[in-house]
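Here is a short briefing on one protein chain.

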Amino acid sequence: MGLPGGGKSTVGRQLARRLGARFLDADAVLEERIGMPIRAYFEQHGEAAFRDIEESVIEELTREGGSPLVLATGGGAVLRPANRARLHERSTVIYLRSSPDELYRRLRHDTQRPLLQVADPLAKLRELYEQRHPLYDEVAHYRVDTGRPSVATLVNMIMMQLDMAGLLPALGQGAAPISPDPVP
């Protein structure tokens, strides 16, 4: 879980590989369901309609059962109380915490994230941080500051937290999903 550009998909994919778990990117599942890029859906139907579909996808993806799963959610998934509750109760949520300035350095040339297609993306990232940071913090079981470490270092930091919490042995026994976005 974390803001757009915080590394949720990249770190989540590597974490899943290390854990021997499946990886799902909720945004990719959403795009498959809506049949178009999220940005186009936002433009045609608005954010509220998108959040409705996102909520149903989160509900489905966080249902217990099956093999261990690392789920990267969109940065705005925490805006809905139902999503926050499902993610916190049904999974182990890792908040990849990044500063707006760091995210801006990573995303300044990105044209695919709908909420950042504004005149001042840095101001938008600061606004998103102010709005969403308390929600991410509420949902998260663990927090990792992304800063400038490599993806491998971030994955190692997450693995150490999970190991210290005694969650790694349980994964092979059908534990609840691990969500690094619960790690936009």
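## A covered strand and its partner

Strand β3 spans residues 92-97 and is mostly covered, with five of its six residues buried. The model is predicted.

**Strand pairing**
- β3 pairs with strand β4, which covers residues 142-145.
- The two strands, β3 and β4, run in the parallel sense, and four bridges join them.
- Which residue of β4 stands opposite leucine 96? Valine 144 does.

**Fold**
- The protein chain holds nine helices and five strands.
- Read from the N terminus, the order of elements is α-β-α-α-α-β-α-β-α-α-β-α-α-β.
- The radius of gyration is 15 Å, close to the 16 Å that the globule rule gives for 184 residues, so the protein chain is as compact as a globular protein of that length.
- The C-alpha trace spans about 45 × 35 × 25 Å along its principal axes.

**Burial and surface**
- How much of the protein chain is buried? Of its 184 residues, 45% count as buried.
- The accessible surface of the protein chain is about 8600 Å².
- Carbon and sulfur atoms account for 50% of that accessible surface.

**Charge**
- The protein chain carries 23 positive and 24 negative side chains.
- The centres of the positive and negative sets lie 4 Å apart.

Definitions and conventions. Residues are numbered from 1 along each chain as its sequence is written. This is a predicted model: local features need pLDDT of at least 70, side-chain atom pairs count only at pLDDT 80 or more; totals for chains, interfaces and linings use all residues. Side-chain values use heavy atoms; hydrogens and water are left out. The radius of gyration is taken over C-alpha atoms; the globule rule is 2.2 Å times the number of residues to the power 0.38. Buried means under 20% relative accessible area, exposed over 50%, partly exposed in between (1.4 Å probe, protein chains only). Accessible areas come from the Shrake-Rupley method with a 1.4 Å probe; for residues, only the protein chains shown count as cover. Lys and Arg count as positive and Asp and Glu as negative; His and the chain ends are not counted. The place of a charge is taken as NZ of Lys, CZ of Arg, CG of Asp or CD of Glu. Two strands pair if DSSP finds at least two bridges between them.
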